[in-house]
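Q: Here is a model to go through. Can we start with how its parts meet?

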Amino acid sequence: MASATGSFRSDIRFLLGDEERSLRDIDPQMTVLEYLRLSERKSGTKEGCAEGDCGACTVVLGEPDGKGGMAYRTVNACIQFVPTLDGKQLLTVEHLKSTDGTLHPVQQAMVDTHGSQCGFCTPGFVMSLYQLWLDGGEDDRGAINDALAGNLCRCTGYGPIIEAARKAGGVAANDSVEQKRRADIAAKLTAMVEGEGTLALEHPAGRYFAPRTSDELAALLVAHPDATVLAGGTDVGLWVTKMLKRLDPIIYIGDVADIQSVYETQDALIIGAGVTYSRAHEALGRVAADVGELVRRIGSRQIRNAGTVGGNIANGSPIGDTPPALIALGAKIVLRMGDVRREVPLEEFFISYGKQDRVAGEFVESVIVPKPHSGLVFKAYKISKRFDQDITAVLGAFAIKTDDGKVSEFRAAFGGMAGTPMRAKKCEAALIGKDWNEANLNAAQMALASEFEPMTDMRASKEYRMLVAQNLLTKLFIETNAPDVATRLVGKEAAHV
Ligand SMILES: Cc1cc2nc3c(=O)[nH]c(=O)nc-3n(C[C@H](O)[C@H](O)[C@H](O)COP(=O)(O)OP(=O)(O)OC[C@H]3O[C@@H](n4cnc5c(N)ncnc54)[C@H](O)[C@@H]3O)c2cc1C
Ligand code: FES
Ligand code: FES
């Protein structure tokens, strides 16, 4: 069978540890976790929540890094589908112990620090520690916390595990044996899939396509306009594991080479739809520090290693973290159907709850994020019950410029306050051209109350949401005003909350 650009292939090729696998006749929705436990009988990888929250299923994926070596990342096996392994190396806890029984340094460190009690979470923690070890190790407490925030332990407590991370150390950057090993694996993986056609699975349970270029992706989506686009699967995976949906066909964009990069022009950052949060993080942080911090707080390391900015937009969620920030920055998205592309301001993409300006057969190709011009201050505040690994109750994002104490530019956007991420136009109007003082701050807060009717749900009541949104404006005021005003108002803010 010929594809838009070449031929199709019907077996999934990957390395399980160091062993080659070629799988046919597999349900494209089978998760990596199910495959490991039920087909390979490798039960080291555990199932806790089956929704990406607990980290018990953490595995490491390796891919050629394009520079002759390998790039490794942790993901949640419970929400990744088996065909997404094509062209990759899957490493599980079974891979770590040497054939002579010697434990890997991260396993030995867990033993030495008493980092395990019942042991259920341990393989997941070990794999997160292994990832740190592969990247050279980590001593900084904050960085270790960040790497482990997606792994939950109910018995041991995190102190010994953090100590294990420090004790295990990491592989030396100039370790020539390790470099050679990685180069060999990269070459092997490349030979397994390069020039071998597009992965296309036809199974009674459903079809699955993994195009390799955006032209091929566009053609496939025109041919299958009702297909489910699969990016990182951190939403789609849960449709299968929690909602028991059948998806047919699935078109996976993670192997589309030309949408995997972030590049910068003088005025903007352009993020391809296949770029994960982890890979977009640094560049977004350069555009505005608060966007970088926002992305760092999305889910966990495992979620950020899989989830994409494009998916966060395309899913249309009113509580996605990047859309309000990107709206406040004036971002646009490029939508593509066949050979036709159109640019849409992000704020116009979200029409109403569950409805976006995207027709069947169209996909998000890239996100264009303008760099704030000189004098524009950007702030974003995520409010959730837990600091890490939690979904937002309210998110406020603001781009503000003041000249001689007057607000000359102001864009405000909120998440969690309406059926879509939304710009606060009345609030903006209440401030633009006015003095940036307490009276006008209060007017902007009143305007906010007149344009949003937030809902009550398990995360927050509507009253709480409104109060928090108004207080975020106060926070903005404090942070962008003279220190003496800030000092005076801190008491007032505390009283508000
Ligand atoms: C444990 C956990 C924690 C999470 N924490 C957060 C959080 O803190 N903040 C947050 O905002 N979100 C969070 N999420 C939600 C999720 O991670 C994000 O929404 C993520 O950005 C989705 O991206 P993805 O690449 O995984 O999308 P997928 O799951 O692959 O797809 C999501 C949707 O977008 C569509 N889609 C994806 N890419 C495209 C494209 N290029 N063109 C057209 N349609 C497309 C898919 O068809 C699907 O409808 C969390 C999820 C989990 C499981
Ligand atoms: S089983 Fe909990 S994150 Fe996968
Ligand atoms: S050791 Fe029991 S859950 Fe972590």
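A: Between them, domain 1 and domain 2 bury about 1100 Å², with 41% of it on carbon and sulfur atoms. Buried area is the accessible area (1.4 Å probe) that two parts lose on being put together, summed over both. This is a predicted model: local features need pLDDT of at least 70, side-chain atom pairs count only at pLDDT 80 or more, and totals for chains, interfaces and linings use all residues. Residues are numbered from 1 along each chain as its sequence is written, and side-chain values use heavy atoms, with hydrogens and water left out.

Q: Which residues in domain 1 lose the most area to domain 2?
A: T74, D146 and A149, together 40% of what that side buries.

Q: Where do the domains run?
A: Domain 1 is 13–197 and domain 2 is 260–496, with bounds from an automatic or database domain assignment.

Q: How many salt bridges across the interface?
A: The rule finds three between domain 1 and domain 2, each a side-chain nitrogen of Lys or Arg within 4 Å of a carboxyl oxygen of Asp or Glu. D146 also forms a salt bridge with R301 (3.6 Å, N to O).

Q: Switching topic: what is the strand order in the open sheet of five?
A: β11-β12-β17-β13-β14, with antiparallel pairing. Strands are DSSP runs (E, at least two residues), numbered from the N terminus, and two pair if DSSP finds at least two bridges between them.

Q: Which strands stand at the edges?
A: β11 (262–264) and β14 (340–345); each has a single partner strand, so one side of each lacks a neighbour in the sheet.

Q: And how many bridges join β13 to β14?
A: Six, with β13 covering residues 332–337. L335 has R342 in β14 as its bridge partner.

Methods. Chains are lettered from A and ligands numbered from 1 in the order in which they are written. Helices (H or I, at least four residues) and strands (E, at least two) are DSSP runs, numbered from the N terminus.
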